[in-house]
Each structure stands twice: as structure tokens, then as C-alpha cells.
Amino acid sequence: MIVEYTQITSIQGDIIAVEAKDIRYGELAAVRSRLRTSLAQVIRLRGNEVLLQVFAGAKGISTGDRVRFLGHPMQVTYGDAMLGRVFNGSGLPLDAGPDLRSYPRHEVGGPSVNPVKRIIPRGFIETRVPMIDVFNPLVESQKLPIFAAAGEPYNELLTRVGIRANADVVILGGIGLKHDEYLKFRHAFEEAGVLPRTVMFIHTASDPVVERLLVPDMSLALAEQFGVSGKRVLVLLSDMTAFADAMKEVAISMDQVPSNLGYPGSLYSDLAARYEKAVDFEGAGSITILAVTTMPGDDVTHPVPDNTGYITEGQFYLKNGVVEPFGSLSRLKQLVVGSVTREDHGYIMNSMIRLFARSREVEQKLAMGFEKTEDDERFLKYGRLFYDRFMDLKVDIGLNSALDLGWKTLAECFNPDEVGIKQSMIDGYWPGQGRSEFGD
Amino acid sequence: MAHSLESRVLAVNGPLITVEVIRGHHIMMNEVAYVMHGDIGLKAEVIRIRGNMAYIQVFENTVGVKVGDPVVFTDELLSATLGPGMLGQIYDGLQNPLNELDNIQGFFLRRGHYLSALDTSKKWEFTPLVTQGARVKAGQYLGRVSEGMFDHHIMVPLALQGGFEVMDIAGPGSYTVEDMIATLKNAEGRESPVSMKQKWPIKLPIRAYKERLLPDRPLLTQCRMIDIFFPIAEGGTACIPGPFGAGKTVLQQIISRYAQADIVIIVACGERAGEVVETIRDFPKLEDPKTGRSLMDRTVIICNTSSMPVAAREASIYTGVTLGEYYRQLGLKVLLLADSTSRWAQALRESSARMEEIPGEEAFPAYLESRIAAIYERAGLVKLYNDVTGSLTMIGSVSPAGGNFEEPVTQNTLKVVGAFYGLSRARSDQRRYPAIDPMISWSIYLKQMEASLSLLHPKWRTLIEEARELLYRGNDIHQMMLVIGEESISIEDLIILLKAETVDAVCLQQDSFDAVDRATPRERQVDDFLLLMDMVHTTFSFENREECKKEMTRLRNNFFQMKYYPFKSDGYQKYRQEIREILEERVKVE
């Protein structure tokens, strides 16, 4: 009973309207125009009028073109054959590999996980980036964005984590990627030999805008299938701001009332629906999401990073090529710090940052031309050491060595009673015990 | 349904569905309807009626719904089911028990499945409290069952209007929540059978009490910054706005664990599922120090996380408040924590936009203010018909866009709450937790509760104001120092600054990772604070800056170490003694 409809009554942006009956909300359709056939999705029903969002864009669609409804929503292929492959946003292969149409398919954007079926994450993921491991450790099943201005090395950081992370499956979703960036990702993964455990969904900047919307959903639906079957999946997305911009475009063409800078009022829920796919399943695998969110104008209060920050479990700020200690946060860190990791981890983490804040203050003070006190000197020294030993992205050390280095750095600059760490920890870890006894 | 013709779907726009209602059928605002989709019904609520068209907001994903699908109206308002057996439960926004759903549905929440909020097979040991012929009205007790550590009183259903005579009351014995335990007759002779379970429309406040009282006694949270500086009253309201990452949720979690309330209701409204999971998994293992039982035994969780349907998110806060009001009717001290009211407001905004209402500020609907006020007004301290008091205290977190407190949700909330705990990015960047900014926060209860607080110390309020004054001055001096340099401020100012920093470090900041410091009981709060104020009152004089800094750092470190030792332990006494000696020495120097 496949019916083709030819009554396209309006075309606005990438949204077309067609007269049709008995159509399901959310259903897919194929729109056949002179140039190509594209998938489209039902996004509104009004009597017999059906509004469709055309993934490949409405360019070249004529009012006389044919629309065929497929009777099901968007689906993703699932199977081990997906590993090592590259697809576009609609799930069609971009590489020379075989067609996977005969594999089982699953609906994307499915229901959310029952909260009581989640477990408290306990897995610490060591990245050997001390600004992450020591100060904001990444935890299995966490969702974390990398906030960065344009031009920061966010894709390099993403690549580095993707290659090193101890995951069974890595899924890379490229949203509005520059083609060069895509090639770099692919090359780096190939070189590190991790491509066979990787699936890529790539949308490049020159592809139709609406197709961007599919990339996170396809990536996460596939991740969910691997996760349920017991795999520990890491999903890397770059860049979610491009995804939000695509939603804005669609909302505006639908005449929706914008809430903030043109973004739809549902931006928070729309982003959350994707990020919340990060999960640690009870008795099965897990999904961890690391997603780049570029900040237009380097402004964290821009609606996209702002809403993202409220959804995700912390954020990494990438600024001037380093992960900024202020503002960067891993909300799940307390689940692993000091329990999964070494007992002194929490104390080092907090004290070093507190002292680094002082050193930044001193720097500012001096920049305004004030005299340098002896105290200032020590804080400046501390600030320099902190940068060289921890912040520099080139530093590549494991967590425990980084903690030892932390104690060493504190001892080189301060007395034990100045660092605000409880005595039993000082007794256990302060290098060269007794340099300055309590109460002297 | 008696009618042969059915109401049908006319248009679908996300969760908003327009229904053509058959002629002659009356529909009610906020009535519950079901969109029939295959063999399941998707629950929805009527939110606008125009001619023969009803706009309904569906609490589920509407993928697959077709124009022409039948819609069934139930003639019932969206209601919560109330009765014994709610404690320890984890509900979604519509009061479906998630633990039960999990047995049926596995990992994912399937739509169109609704379960009874109360276990209908469990038997409760009922004791009647009235006899035949007694005159009663809504909210008065008919009997009781014991639920965990509480006497759960069975009330005359709150929805019954007017006076009733008890025609029949069940004797002592075991009954399920659905068994009839009484029959009541009103003046017109109409009889109403009563079971232990009742329903109440969540959007209406419960008002079955003698009078509302002025909240004049504190509700202890064991968070020093709140209890000492910005106390909250039993039956009061507070809000916690803060930019992301400033620790709103952590603060809420700490309060939910250590607050001295009988019942804690946690509404996770449009926030992360992971945070709820921590509570769900940890609470059963944690012991309530007051009763020795599991924390879960005093907790109800309403969980509608950000990826769950938006419309149910709007309902979740109302469900939580209704449960809170119900427990208040039982004479209990209830604390409701809502995280976050901004997500609830966004749910309003989303549905308003779909209905194409004229938007107000930042596209929020014009009725945002009245809705927020109406929710917070449901908190309060009340005197029940039996002269026992019950209270519902509400603390809502707010997630202002861009961390800017000028936005509509924060501003409209500030108008109606009694305490404001403003979190600041600057404090959280410095890891000064809880990151409540003492410079901007306030509580009207410090004054309102003066009489009961003066029992702690005759001059309690004066002391607090003095301490706050010191913090303000310390802050001013710090700002000045940033501009003119440390060398240019006088040694007297430096002493004030260091005193203020000590108060901040040892009293305001609380280490939630530390087993001792994370919760401070009242007795210790008072003892430690009075000692700290002795330090503030001590006049110090030093030869030079270096000596000043050295001595003050030593003093601060003593206070700092003291707070990590259990109250009155040897280590605690040792540091306390040491501080005393330093302070007395100073007085001698005078």
C-alpha cells in the first residue's frame, strides 16, 4: 500500500508541506526530486497537512515532486559489521565498505533509561592529562563537553582522549566538521590502530544542514545498542554548537517563537535528550560522552554552552591551548577521588587550585603595578611551577606521579600550615617530614 | 464511554495535540485524557479549550500518533494518589513507581504504562481513632497505621466538602489501601465510602487545617552557612540560584541528607538522571542519625529527569508539593527540595510557545510569576484541627541562564521566598564550598525567628550581624587592597581582613568530603561559633605585618584543624585549648 503524494503545498527553508492522510507523527518519507531522493521526517500534523523536514535540504524540490511515506521513524543499523566504518548523517556508507542494509535496524531517539536502572558510576578513566586526571577526573558514563573558542585545539584533545581511553567501542559523531578535520581524525585513529573499534558518523560543513540533526541521534542510538549488549562505549561529538544552530534554523523556518538569540525554547530539553543517553547500565555496558561545544565569541553565557553546562556533568574549558583550572569541573569526580584513586587525591586537588587562585590574584595585582612582597614571590613561583608541571597540554603523566609531583610542588613553595590540608594527610605525604612542625 | 462517536486527534505538534471534541461532551480544564495509540493510551492533560477544540499536552513522546486517532476524556483532574506506602518510593512526575516499572520494562521507559502509586496488595495494621456517630470533616483523622517510624493517620478524604457523620468504622485489623475502612454521611444523607487511599488534584493547594502560623522556629540543615547566617524557618521558603558548576545540586543533596526534617521530598525536575541515581543508590545505605533507620525511610523521590517527557516535568513539582502537603496534614515536618524550578519554568515556556501564546520576557509566558508564587505559597507552618502543627518547608534551586540573576525565573522567585542563597562562580572557582555568597544572600527569618534563636545565646542575632559586618568590611578591604596594594592598607585593616578570612575559612566553608565537617549539629555550631566570635572580639596588636600574618595564620590553622575533629574528641579539645590560650594571651597583652 505504498502511496506517493504529489501535492507539495509549501516549501519554506528545508521544511515542505504535503497533503496526505493517515500519516504518523515522526514517520520518515522519501522525497524524490529531479536531482536526488532524500529522506525527510514528519515534524507536524495539521489536519491533512503534513510538515516534513527534508534532510538533504529543500534546494531543487519542486511542488510537483513525489513524496513516499515509509511508515517508520529514523533507524540505525546495528551489528559488529558497523565497526571500522564511516557513515553520513542518514546512515549511508561514506567509505568503500559493503552495504549493511540487511542488518537489524533500531529506532533512533528512543525512550529514556529508567533512572532506577542506572548505577552510580565508579570507573575512573585515566587520560594522562594531569589537568583532567588530577583536578577533574573523567568517570565512566559521564557526559562532559569541551568548551572552547574557535581555533583552540579541541579536536586534538578529543582525538587524544579517544585514542587513549580504555573503551570497547568508540563512536565519533562529526557535526559540521571541516573536511580536513574529518581526515585528521580518521588518520589519527588509523595510525593509533584504534579504527577497528571505531564507528564514524560524519557530517561535514558542506553537507545539508538538516542532516546535522541526525548525527548525535544516530551515534547515540548505536551506542545504546552496544551498551545494552555489554560494551563500554565512548561517544565523541564535535561540534554540538553546530547541532544547536541547525535546530535554530529549523525552528525559525517553522515560525517558532525564539527564546534566546533565536534558539528555540526547547533547546535545553533537546540537548538534554541527547546528553542523557550517557549511562552506566545495571548489569550491562556504559556510554560516556565527550562533546565539543564551541563558544561563539568565547562567551560561556551564550545559550548553547550555557544550557549545555546545566545538562552535562561538568565541563572542560580549553583556553589558550590549556585546560583552564577555573571553571573546568568534573561533577562525578567525588565518586572516584580518594576512593578509587589515592586517598590524598581530594586534598591535593582542592588545595592546589585554591592556591593557584591566589597566585592568579597576585599576578593581577602586580600587573597593576604594585610592589612585590616576599609572599607574592612564593605565589608567583608556585603559579609558574603549576603551569609547567600540570597545565601544559604536552605533559603526559599518570595520576599517581602527578599527585606526587603535586606534594613536591606545594613543599617547594609553602609551609604545611599554609596549604589548608588536614594534619593527618600532611603527616603522610608532605615531602621531607618535619620541615615545619605544627605550632612552631 | 457511553457515546458512540469519539473525540479525535486533529493536529500533532510535538507533545501538543489538538483534539476535536464531539458535540455535547463537556470537558474540563486540566482534565486527564488519553490518546489511544494502538493498544496503549498516552496520558495527557487539557490545557486549553476553544470552541469544540481541546488542546491537550501529552506526557509522553507522540511519535506514531495519527490525525484521527481517538481520544478518551476521563472526567478527572490530574491527581496524586495519597496514602500509606509512599515513603521510600521513587516516582516519575506522574507518580508512577519507577521501581515497579523497572520490573516490567527493563532498561528503558516504555510509554503508555501507568501503575498504581501505592502497593495495593500490602496490608496495613489499622487502628480506628473515631467511633460510630462521630462528626468529622475533611482532614480529620479516622484512624492510623504505622508506616516505618511514623504514625500514618488515615484522614477523612481531603476532597470531601462539608461536615460528615461516621456511619461505620472498621475495627482494628489488616487492610489494604483499597479496602473500605469507613462510611461517612453528609447533611443531605449522601454516603461516602472511605479507604486508606485518596486522590487530590495536584494543582490545587490542600487547606484542611485550622490556621496558618508565622514560621518562627528554625529548620536545621546542618550546613553552617545556612543555619548560622541565613537560617531557614520550618514552613519557610528559600531559593538557591547559581550558575552551572557552582554546586546547587551538591548543596541540595547535602541538605537532603542532613536536614532535621521528618520527611524529605526530593523533586528532581528536568535535571540529570545521574544525580538522582546517587540519591537512589546511596540513601538506602545511609543511616539517619536521628532515628538510626535508613535515610530512604524518610524520603520520597519524584524523578522526572531532563530526558523524560517535558510535560510530565511540569507536573512533577505539583506532585511533590501535593505529597508534601499531605504529610503536613499528618503533623509532620516536611522538607521539599526542588531541583530545578528553572527547568519547570522552561517546560511552561515550551508548552506556551507551542500554543502560540504571546511571549513575555525571554519568551517565558506572562503567567510565569503567578505560577511561581502559587507554588511557593503552598509551603507553610500550619496548626491542624487537633492543634498539632505540621510544616512544609520548600527549597528550590534556580538555574539562571548565563548565571545572570536578573533573568525572569530568579527575579520572580526572589519576590516570594523568605531566604536567598545566591551561589557565586567566584567562590566555587576558589573551591569555597558551599559557594553561597555571603555578600548577596539574605534571610528574612533571622529576624522573624529572633525569639527562638535567642535561646541559643541571648545576643545571637547581634552576633550574627556583627560577623556579617566583619565579612562585609573584610570584603571591602580586600577589594581596596586589589586596587591600592597590600602595602598601602593599614595594619588594623589587615587584621580585620585576616579575621574575616578566618570566619570564612572555618565557619562558612564546609568540606562535604569530610565525614566530620560535612554536617554540624546545632550544639557544635553554637560552641564553635561563639569561640570564633571571641576571636573576632579580641583586640590584636602586632609589631609589623609579617608578625601579624604569621600569628593570624597560626590561629586560623588551629580553628581549621579543629573543625576536622569530632565534637569534644581529644583532638578537638586540644585545638580548642590552644586557641583559648592564644586569645587569652592577647587579652593579657592589652
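Domain bounds, as I use them today, come from an automatic or database domain assignment. For chain A that assignment gives domain 1 (3–73), domain 2 (76–331) and domain 3 (345–429), and the C-alpha centres of domain 1 of chain A and domain 3 of chain A lie 61 Å apart.

Please keep in mind that this is a predicted model, in which local features need pLDDT of at least 70 and side-chain atom pairs count only at pLDDT 80 or more, while totals for chains, interfaces and linings use all residues. Residues are numbered from 1 along each chain as its sequence is written, chains are lettered from A and ligands numbered from 1 in the order in which they are written, and side-chain values use heavy atoms, with hydrogens and water left out.

Let me turn to salt bridges, each being a side-chain nitrogen of Lys or Arg within 4 Å of a carboxyl oxygen of Asp or Glu. Over all chains the structure holds 61 of them. In one, A:Glu313 pairs with A:Lys143, with the closest N and O atoms 3.2 Å apart. Because A:Glu313 lies in the loop between helix H8 (303–311) and strand E21 (314–319) of chain A, and A:Lys143 in strand E13 (residues 143–148) of chain A, the pair ties together parts that are 170 residues apart in sequence; helices (H or I, at least four residues) and strands (E, at least two) are DSSP runs, numbered from the N terminus.
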